[in-house]
Amino acid sequence: MKPSKLGSVFLLALAAVLSLSLSSLTTNSSESSDQQLDSLAQDRAKHLARLREQIKGNGRRAADSVFKNIKTMKGMPAGRLLAIMDIGYSQSLGVSCGHCHNTERWESDEKPQKQIAREMSLMMTKTTSLIKEIKGLKSESPAVNCTTCHRGAVKPALDLGTK
Ligand code: HEC
Ligand code: HEC
């Protein structure tokens, strides 16, 4: 097997293991929502496998030279963008790719959630820099990310009640 082929087989296996272990980690007790999470994980894995195949050999190139409509993630390696789409964005919100994308045309901005996500990302950067100004925190580099607020839900909770 060629090294590049081996690499993508490895990535596929990694994606499968990740989605399996994440779905088995979910604390949700009801069986139907477990099934729903499984099918979201499968849907994400299917899209990621196709896209990783499409960008094979270009995973380290800048996202804006590999994809068509990159505004906030310019310069980020294309492979890393896909990992963020999976773990950072989809799993944080408890959705699959189709929540923000027309999955036949990834570059399209037709779903409002996609532009919202860009603005959320800017807000996250601003919030992180405000947090860094607070003295006496335990972390050397305190930060917030999508999961900090969303925790697997499209609409973050405003109280401690069960979702
Ligand atoms: C919460 C919204 C959200 C979710 C969920 C999401 N994406 Fe994205 N995606 C974006 C945003 C925003 C961009 C554009 C980033 C930018 O402008 O730099 C993007 C860009 C992309 C691109 C580049 C398209 C192009 O040609 O410009 C691909 C490919 C992509 N996403 C794949 C995925 C996959 C695969 C999933 C599911 C595993 C996913 N996305 C889930 C918001 C999302
Ligand atoms: C400081 C908390 C916070 C952070 C951090 C955060 N969000 Fe949000 N997000 C919210 C709130 C609050 C809403 C609005 C929910 C509502 O009332 O509709 C929201 C809504 C959204 C929506 C609209 C969902 C829908 O379909 O209605 C998307 C998409 C989204 N966030 C993506 C992201 C992404 C991607 C990140 C990380 C880059 C992120 N958010 C980080 C608090 C946050």
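Which residues does Ala63 touch, not counting residues up to four places away in sequence?

Modeller: Ala63 touches Ile70, Met73, Lys74, Met76, Pro77, Ala78 and Leu81 once residues up to four places away in sequence are left out. Touching here means contact: the C-beta atoms of two residues, placed from the backbone, lie within 7 Å. Residues are numbered from 1 along each chain as its sequence is written, while chains are lettered from A and ligands numbered from 1 in the order in which they are written. This is a predicted model, in which local features need pLDDT of at least 70, side-chain atom pairs count only at pLDDT 80 or more, and totals for chains, interfaces and linings use all residues. The term pLDDT is the predictor's confidence in each residue, from 0 to 100. The protein averages a pLDDT of 88, and 80% of the residues score at least 70. Over residues 20-28 the pLDDT is below 50, and beyond near neighbours in sequence this stretch has 10 contacts in the model.

Ala63 belongs to the largest nonpolar core, which has 12 residues in all. A nonpolar core is a set of buried Ala, Val, Leu, Ile, Met, Phe, Trp, Tyr and Cys residues joined through C-beta atoms within 7 Å. Buried means that 20 or more other C-beta atoms lie within 10 Å of the residue's own; a residue with 12 or fewer is exposed, and one in between is partly exposed, with C-beta atoms placed from the backbone. Besides Ala63, the core includes Ala78 and Leu81, two of the residues that Ala63 touches. Leu48, Leu51, Leu82, Met85 and Cys146 are also among the core's members. Helices α2 and α4 each supply at least two residues of this core, and α4 gives the most, with six.

A helix is a DSSP run of H or I with at least four residues, a strand is a run of E with at least two, and both are numbered from the N terminus. There are six helices and zero strands in the protein.

Leu51 is found in helix α2, residues 31-54. Leu51 counts as buried because 20 other C-beta atoms lie within 10 Å. Leu40, Ala41, Arg44, His47 and Leu48 are also buried in α2. An α-helix has 3.6 residues a turn, so residues three or four places apart point the same way. The 24 residues of α2 should span 34 Å at 1.5 Å a residue, and its end C-alpha atoms are 35 Å apart, which agrees; the expected span is 1.5 Å times one less than the number of residues. Leu51 and Leu82 are 31 residues apart in sequence, yet 8.3 Å apart in space from C-alpha to C-alpha.

Some core residues also lie beside the ligands. Ligand 1 is surrounded by 28 residues, with Phe67, Met85, Cys97, Cys100 and Glu107 the closest; a residue is near a molecule or strand if its C-beta atom, placed from the backbone, lies within 6 Å of it. Of these five, Met85, Cys97 and Cys100 are in the core. Helix α4 gives the most to the shell around ligand 1, with six residues. Around ligand 2 there are 17 residues, and Ala117, Met120, Ser121, Cys146 and Cys149 come nearest. Cys146 is a member of the core as well.
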